[in-house]
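Please find below a short note on the attached model.

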Amino acid sequence: MREGSLEAPTRHPIDWQSEAFYDEKACFDEMERIFDICHGCRRCVSLCQSFPTLFDLVDESETMEVDGVSRNDYMKVVDQCYLCDLCYLTKCPYVPPHEWNLDFPHVMLRAKAIAFKKGTSTQFRDVQLASTDRNGKLAGIPVVVQAVNALAKNDSARKLGESMLGVHREAWVPEFAPKSFRSQAQTQRAVSTSVKNGARTPGKVAIFSTCYVNYNEPGIGQDLIKILDHNQIPWILAEKEACCGMPKLELGDLDGVAELKAKNMPVLSKLAREGYAILAAIPSCGLMFKQELPLMFPNCPDTQAVKAAMFDPFEYFTERSKDGLLDTGFKVGLGHVSYHIACHLRVQNMGQRTKDLLSQVPETKVHTVERCSGHAGTWGVKKEFFDNAMKIGKPVFKQMSEHPAGKPDWIASDCQLAGHHIAQGMERNKLNEANMAHPLTLLRMAYGI
Ligand code: SF4
Ligand code: SF4
């Protein structure tokens, strides 16, 4: 038997529609098998709180082995996992095709799915937080939007929110925009209609706006449009869109994921077949279409077509540059940029596209920080996890504040939620502070537009 696989990791489809998937004993047996391998390995101890929780349980048990840990405590490990996928794709030597066939995140997902079907004590709160599309639509109603944003800044309301909804009173929470990205962009037209396909890139773009850009920070979407217009790339909005499903996946609500998939796929697969590159500016949404949905629906041709057409914006622009079809005559230097590469982008296995492109801007030094920020979507704002989110992020906050070339002028993360979490962590830890902006905003600025 070989110690560790030398081949690229492969992933098995998620057998979520079979009855066997929800067999609790089989799932716990598989967890025990995997925990035992992890106990003998311990490489992932610094990634998140799942592994320290597991190893503490083992070390404090009577046998100091996994067989000494009560199965009743397994969910303590599961609860700390936010499915970032880093252990699978960046650390573990025992993932398939290795014969140990170890998939830590997907056994966590299975346990979450079983728990979700049974109902958990925090289910009401968790479902509300994961309903990003519905929350955005409700909060975006004029008058309501001001009230919601004002309450998010009010100490008494936050204390009430913590006790009633379980959202930590000190956690950064996003504001809602008075006008959604989609309602703004529906009235805009691309400046160019001529399509120039490259060897690597389709010459026309369909924008999947994502819940966050649509309801919380439409400016990121507007920056994307400005960059596309500047490069004479015709774009359209996906005609209709629903949440990508990642927040529901993280809860184990797989039926909820399937409902959203059924709304998105007819629209997105049509665009994919018409030859559009589909761009999503939030890495988690891109990952959902590139990896998780294809694994949940391996035999769905629409899902596979969308997978092939989905690009992270910086992936698209760097490929466009290789095609000789991107303007790289940047006009405005950005100075020192501390750049955090989001976990859900790292696991897409495409290298550091954001860094590659921003590094081409003159008078710009990009320093990459490759570690989990600890925010993890809705996980880090929850009352019981916020302190861990701050603890996991501490090394990131420090590295982001210490750019090797001097004080950072900008901090940026592909995941804007992580960006805000890092900014909050830097402030709480009294570290060097800097302006925070999404990398697309920095790219737009570099063009001087
Ligand atoms: S998927 Fe991420 S959060 Fe879950 S156990 Fe692995 S590293 Fe930790
Ligand atoms: S997931 Fe793999 S690398 Fe991480 S602790 Fe377990 S066996 Fe080791």
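1. Conventions. This is a predicted model: local features need pLDDT of at least 70, side-chain atom pairs count only at pLDDT 80 or more, and totals for chains, interfaces and linings use all residues. Residues are numbered from 1 along each chain as its sequence is written, while chains are lettered from A and ligands numbered from 1 in the order in which they are written. Helices (H or I, at least four residues) and strands (E, at least two) are DSSP runs, numbered from the N terminus.

2. Sheet order. Four strands make up an open sheet, ordered β6-β5-β7-β8, with parallel pairing. Two strands pair if DSSP finds at least two bridges between them. β6 and β8 (435–436) are the edge strands, and each pairs on one side only.

3. Strand pairs. β5 and β6 run parallel and are joined by six bridges. Val-337 has Val-366 as its bridge partner in β6. On to the next pair: β5 (residues 335–340) and β7 (residues 410–413) are parallel over four bridges. Here Tyr-339 is bridged to Ala-412 in β7.

4. Helix over the sheet. α21 lies across β5, β7 and β8. Its direction is at about 140° to β7. Axes are lines fitted to C-alpha atoms, for helices over the stretch in contact, and angles run from 0 to 180 degrees between N-to-C directions.

5. Helix pair. α20 (residues 386–401) packs on α21 (residues 416–428) at about 80°, with the axes 9 Å apart. The two helices are therefore roughly perpendicular (angles under 35 degrees count as roughly parallel, over 145 as roughly antiparallel, 65 to 115 as roughly perpendicular and the rest as oblique). The contact residues divide into seven nonpolar, four polar and one charged. Ala, Val, Leu, Ile, Met, Phe, Trp, Tyr, Cys and Pro count as nonpolar, Asp, Glu, Lys and Arg as charged, and the others, Gly among them, as polar. On the α20 side the residues include Met-390, Lys-394 and Phe-397. α21 contributes His-421, Ile-422, Gly-425 and Met-426. Contact requires C-beta atoms, placed from the backbone, within 7 Å.

6. Is Glu-363 buried or exposed? Glu-363 is exposed, because 11 other C-beta atoms lie within 10 Å (buried is 20 or more within 10 Å, exposed 12 or fewer, partly exposed in between, with C-beta atoms placed from the backbone). Glu-363 sits in the loop between α19 (353–358) and β6 (364–369). Beyond its neighbours within four places in sequence, Glu-363 contacts Gly-333 and Gly-335. Its C-alpha atom is 9.8 Å from that of Lys-331, 32 residues away along the chain.

7. A residue is near if its C-beta atom, placed from the backbone, lies within 6 Å of the molecule or strand.

8. Ligand 2. The residues around ligand 2 include Cys-38, Cys-41, Cys-44, Cys-87 and Cys-92. α1 (24–41) and α4 (86–91) each supply at least two of the shell. The largest share, three residues, is from α1. By class there are nine nonpolar, no polar and three charged residues. Arg-42, Arg-43 and Lys-91 are among the surrounding residues.

Notes: Two residues are in contact if their C-beta atoms, placed from the backbone, lie within 7 Å.
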